[in-house]
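Here are my notes on this model, as numbered points. Please read them beside the coordinates.

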Amino acid sequence: MVRERETPKQQQQVSYTVEQLVAVNPYNPDILPDLENYVNEQALMAMPAPDFSLCLFLIPERVQMEEQFKTLIVLSHYLETGRFRQFWDEAAKNRHIVEAVPGNKLGLNAGFEQAIQTYAIHVLSLTYQKIPRPVLAEAINIEGLSLDKFLEHQAANSGWILEKGHGRGQLIVLPRNEFNHPELKKSAADSVPLEHITRIFPILG
């Protein structure tokens, strides 16, 4: 049975229902199945939003001690700390857990994989102005011709610039943002008017 993809409106309704359930019955164990379904839908795919960490507070500690949850917590930790190579290795070793996410493709869920790649690119774009091709390849788990096609797509649609060079020596210029190209900004809140300073002199004097 193929599960239809939810529209943003449907996802908002599910989220709203979960919020209502927790608000009305925060300690009622009967709402656990609904909360578990919500976690299955969101989990790590919502990064960088803290949904996964917040949902863990709703799950009893005894359940978190189960092997599946331990693995998810480890995967989440790797993502939060930017250790993408370790994340992809761990995800590959625990396919049976990742495959529980609906809509599998080639062993790993396509939507899940794309969400993690999007998150990895988000993190890298906050850190790098120019990123070496091997660093990007490791972070998004794409190599070879697939990476070439991905880079061409990003260059055409997302403003990436591919510097000349081949293979491992190639650099990718990421679009400017306030984090990877910080500029010194003069804030009005940081400056003290001269009349305020002159009022202090008699006190000091």
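1. Start with a side-chain to backbone pair. A polar atom of the Ser 125 side chain lies 2.8 Å from the backbone oxygen of His 122. A polar contact here is a pair of N or O atoms within 3.5 Å; within protein, one must be able to donate a hydrogen and the other to accept it, and residues adjacent in sequence count only if both atoms are side-chain atoms.

2. This is a predicted model: local features need pLDDT of at least 70, side-chain atom pairs count only at pLDDT 80 or more, and totals for chains, interfaces and linings use all residues. Residues are numbered from 1 along each chain as its sequence is written, and side-chain values use heavy atoms, with hydrogens and water left out.

3. Ser 125 sits in helix α8 (residues 110–127). Its relative accessibility is 16%, so Ser 125 counts as buried (under 20% relative accessible area, 1.4 Å probe, protein chains only). Leaving aside residues up to four places away in sequence, Ser 125 touches Leu 174, Asn 177 and Asn 180 (contact: heavy atoms within 4.5 Å).

4. Helix α5 (residues 67–80) has 14 residues and should span 20 Å at 1.5 Å a residue; its end C-alpha atoms are 20 Å apart, which agrees. The expected span is 1.5 Å times one less than the number of residues. Buried in α5 are Phe 69, Thr 71, Leu 75, Ser 76, Tyr 78 and Leu 79. Just after α5, Gly 82 has a positive phi of about 70°.

5. Overall, the protein has eleven helices and five strands (DSSP runs: H or I, at least four residues; E, at least two; numbered from the N terminus). Of its 205 residues, 30% are buried.

Technical notes. Buried < 20%, exposed > 50% of the residue type's maximum accessible area, 1.4 Å probe, protein only.
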